[in-house]
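Please look over the structure shown below before reading on. The briefing that follows takes up a few of its features, topic by topic.

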Amino acid sequence: MDSASSQQSIIALDSWLQSPAGAYVRAYEQRCLDELTADIFGYNALQIGLPQIDALAASRMPNKWRSATRTSSAEQLALSVDARQIAVALDFAELPFASHSLDLVVMPHVLEFAAEPHQVLREVERVLIPEGQLIICGFNPASLWGARQATGRLMHRPYLPEAGEFISMPRMKDWLKLLNLGVSRSHVGCYAPPCRSAKWLQRFAFLEDAGQRGWPYFGAVYIVHAIKRVKGGTIIGSAWSRRSAGAPKAVPATNRE
């Protein structure tokens with residue numbers, strides 16, 4: 001996916017999120033993100049993309065940033081921004097933050113619509129401190145929604161934005177492992193069929209509990225929580241002093257009678 005297609009896909013996702021199905025996804029992800037971020041402590045947190053969701057609403061960190069693409073409108077950037085959150089427009093593949101400066105990064109539906117998803121992940125790994133945490137939201141291709149999207153592309157009637165390249169959760173975990181980002185927890189949800197009306201989505205609400213028990217890996221949306229692991233350790237305290245060996249000296253010895 002090139003940069004132009006990526007920008008068009010993000011714009012298409014913005015409009016899709018206003019639909020009943022989009023509201024259904026936003027409500028589920030908001031609940032999960034509030035639960036996850038409430039117990040993550042630190043000083044600096046960044047949300048990348050999807051300003052329709054306030055992923056840092058429950059975070060207690062003093063410094064929080066919410067970012068969107070440079071083509072996002074001022075209205076999108078200003079969504080739900082309070083006094084402690086700063087909205088910025090940036091290039092996701094070149095984050096304007098120093099290395100090892102962020103405690104938490106949240107990326108809701110960024111990688112599947114990014115022109116260079118691997119580069120975005122590398123940038124996130126760069127700006128995270130050791131033991132920093134990353135939360136990723138994505139659409140699950142191994143779901144009813146994924147099957148509906150695949151058939152919809154053949155008929156030129158996609159259910160989700162057409163240009164998105166959805167990444168499976170096992171594949172996402174492999175990408176994170178290569179960057180020393182160990183997966184701590186994962187959540188899967190939104191088990192309702194791909195309906196377009198709020199009425200039918202509400203009728204299938206009973207599938208949420210049934211899906212968690214019967215087919216927990218086939219929800220439409222997954223959330224992965226990873227921690228940046230740094231190999232090796234650091235010695236705390238003064239370093240050992242090494243004294244150079246002196247020149248050999250003769251030691252007098254006497255015999256006892």
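Phe218 is partly exposed, with 48% of relative accessible area. This value, like the others here, comes from a predicted model.

- Helix α5 spans residues 144-154, and its buried residues are Trp145, Gly146, Gln149 and Gly152.
- These four lie on the same side of α5, because the arc they cover around the axis is only 125°.
- In general, an α-helix has 3.6 residues a turn, so residues three or four places apart point the same way.
- On the face of α5 that is turned away from the buried side, one finds the exposed residues Leu144 and Leu154.

**Positive phi angles**

- Most residues other than glycine have a negative phi, and this is the background for the next two cases.
- His156, which comes after α5, has a positive phi near 60° although it is not a glycine.
- The loop between α5 and α6 (169-178) is where His156 lies, and His156 is exposed, at 66% relative accessible area.
- Leu50 is likewise a residue other than glycine with a positive phi, in this case near 50°.
- Leu50 is located in the loop between β1 (44-48) and β2 (63-68), and with a relative accessible area of 7% Leu50 is buried.

**Cysteines without disulfides**

- A disulfide is a covalent bond between the sulfur atoms of two cysteines.
- How many disulfides does the structure hold? The number is zero.
- Cys137 takes part in no disulfide, since its nearest cysteine sulfur, which belongs to Cys32, is 8.0 Å away, whereas a disulfide requires the two sulfur atoms to be within 2.5 Å.
- Cys137 is also buried, and its relative accessible area is 0%.
- For Cys190, the nearest cysteine sulfur is again that of Cys32, at 8.3 Å, and Cys190 is in no disulfide either.
- Cys190 counts as buried too, with a relative accessibility of 2%.

Technical notes
Residues are numbered from 1 along each chain as its sequence is written. This is a predicted model: local features need pLDDT of at least 70, side-chain atom pairs count only at pLDDT 80 or more; totals for chains, interfaces and linings use all residues. Side-chain values use heavy atoms; hydrogens and water are left out. Buried means under 20% relative accessible area, exposed over 50%, partly exposed in between (1.4 Å probe, protein chains only). Helices (H or I, at least four residues) and strands (E, at least two) are DSSP runs, numbered from the N terminus. The arc is that of the directions from the helix axis to the C-beta atoms.
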